[in-house]
Amino acid sequence: AAVHAHPVVLFSILDHFLRRPAGASRVIGLLLGRSTSAALHVTNCIPVMHCVRGTGIDLDPDSMGKMVELMREVDSSEALVGWYSV
């Protein structure tokens, strides 16, 4: 199966990385889109706030869920299809 990423997604991830907090070495986010039998279409992304603690990463599942819910109000056909870490 093929993967198609909308150009806005790539620029949003780049923008997220360039605007990361001082001292942060990475950014993490969720990928939204649609999956068909022929391809995965990544159409949007959401940055995820996180905190690195030793060898682990703390994520806030409540804020992630809220952001996904808000994005679904804009486009109900989008689903969580993956994540990114840069």
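Two residues are taken to touch, or be in contact, when heavy atoms lie within 4.5 Å. The structure here is a predicted model, so local features need a pLDDT of at least 70, side-chain atom pairs count only at pLDDT 80 or more, and totals for chains, interfaces and linings use all residues. Numbering starts from 1 along each chain as its sequence is written, and side-chain values use heavy atoms, with hydrogens and water left out.

First, the overall layout. The protein has two helices and six strands, where helices (H or I, at least four residues) and strands (E, at least two) are DSSP runs numbered from the N terminus. Read from the N terminus on, the order is β-α-β-β-β-β-α-β. The C-alpha trace spans about 40 × 25 × 20 Å along its principal axes. Of the 86 residues, 23% count as buried; buried means under 20% relative accessible area, exposed over 50%, and partly exposed in between (1.4 Å probe, protein chains only). The accessible surface, from the Shrake-Rupley method with a 1.4 Å probe, comes to about 5,900 Å², and 60% of that belongs to carbon and sulfur atoms. Among contacts with a separation of 6 or more, 60% are between residues 24 or more positions apart.

Now for helix α2. M64, V68 and M71 of α2 are buried. These three cover an arc of only 60° around the axis, which puts them on the same side of α2, the arc being that of the directions from the helix axis to the C-beta atoms. D62, K66, E69 and E73 sit exposed on the other side. What do the buried residues of α2 pack against? Their partners are β2 (28-35), β3 (39-48) and β5 (56-59). At the start of the helix, a side-chain oxygen of D60 comes to within 3.2 Å of the backbone nitrogen of D62.

A nonpolar core is a set of buried Ala, Val, Leu, Ile, Met, Phe, Trp, Tyr and Cys residues joined through side-chain atoms within 4.5 Å. The largest one has eight residues: I28, L30, L32, I46, V48, M64, V68 and M71. At least two residues of this core come from each of β2, β3 and α2. Leaving out residues up to four places away in sequence, V68 touches L30 and I46. A second, separate core has seven residues, including V9, I13, L31 and Y84. In soluble globular proteins, nonpolar side chains tend to be buried together.

A few single residues round out the picture. H16, in helix α1 (residues 7-18), is buried because its relative accessible area is 15%. Apart from residues up to four places away in sequence, H16 touches V27, I28, P47, V48 and Y84. A39 belongs to strand β3 and, at 7% relative accessibility, counts as buried. With residues up to four places away in sequence left out, A39 touches A2, H4 and R34. A39 and A24 are 15 residues apart in sequence, yet 33 Å apart in space, C-alpha to C-alpha. G54, by contrast, lies in the loop between β4 (50-53) and β5 and is exposed, with a relative accessible area of 72%. From G54 to M71 the separation is 17 residues in sequence and 32 Å in space, C-alpha to C-alpha.

Methods:
Polar contact = N/O pair within 3.5 Å; in protein donor to acceptor, adjacent residues only side chain to side chain.
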